[in-house]
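Please find below some short notes on one model. They cover a pocket and some charged pairs.

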Amino acid sequence: MKTNQTPALVVLSSWKFKGWLVCGTAALSFAAGSLVTARLLHLSQVRADNNRVFDLLVYHTLPGKAPALESIFRDVSKLQDKHNINVVGYWVPNDDPAWANTFIYLVAHPSLDDAKKNWDALHADPAFPEYRNQAAQIIERVDKKYRVDEVYMRPTDYSSMK
């Protein structure tokens with residue numbers, strides 16, 4: 001009598017081979033996906049440019065006038081875009097009485113020369129004096145000078161923002 005049953009040892013060894021094949025395929029797929037993902041993430045990182053600078057501006061307003069300055073900058077931001085002034089962000093302090101009357105923003109420039117060129121273009125725009133006059137009324141003055149802290153900064157080599 002002849003049977004169509006395969007010996008258990010052959011079936012078991014076939015399953016082992018298929019198991020290793022599945023594990024090997026999964027490991028290879030994971031490795032390839034990891035390499036592709038790492039390469040894509042590396043490409044999307046911002047590259048450091050030796051000339052790139054950031055401009056930090058801190059405006060000190062008369063008591064209670066920071067919201068009014070924030071409102072003025074909401075409109076000025078459109079002019080800044082027009083003149084290639086790349087504002088990274090605007091900030092108002094949160095619940096710290098010592099900083100209650102401040103308005104802060106950070107600008108990224110390709111270089112210091114570009115920064116000066118773009119600021120000059122903004123200040124020469126015919127629409128700008130109106131905003132400057134509005135802001136002048138609410139920015140604190142010390143010895144007849146507006147109290148605006150401005151500093152150009154360069155990123156460190158270990159900074160995530162370059």
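The numbered points take the basis of the model, then the pocket, then the salt bridges.

1. This is a predicted model, in which local features need pLDDT of at least 70 and side-chain atom pairs count only at pLDDT 80 or more, while totals for chains, interfaces and linings use all residues. Residues are numbered from 1 along each chain as its sequence is written, and side-chain values use heavy atoms, with hydrogens and water left out.

2. The largest pocket holds about 490 Å³ of space. A pocket here is an open set of points on a 1 Å grid over the protein atoms alone, where a 1.4 Å probe fits, with protein on both sides within 12 Å along at least five of seven lines; lining residues have an atom within 4 Å of a point. The volume is the space filled by probe spheres set on the points, which are joined across faces, edges and corners.

3. Of the 21 lining residues, Tyr59, His123, Phe128, Arg132 and Val148 are the closest to the pocket centre.

4. A salt bridge puts a side-chain nitrogen of Lys or Arg within 4 Å of a carboxyl oxygen of Asp or Glu; the count is five. One of them joins Lys82 and Asp125 at 3.0 Å, N to O. Lys82 is in helix 2 and Asp125 in the loop between helix 3 and helix 4, so this pair ties together parts 43 residues apart in sequence. Helices are DSSP runs (H or I, at least four residues), numbered from the N terminus.

5. Lys82 is exposed at 56% relative accessible area, whereas Asp125 is buried at 8%. Buried means under 20%, exposed over 50% and partly exposed in between (1.4 Å probe, protein chains only).

Terms used. Helix = DSSP H or I, 4+ residues; strand = E, 2+ residues; numbered from the N terminus.
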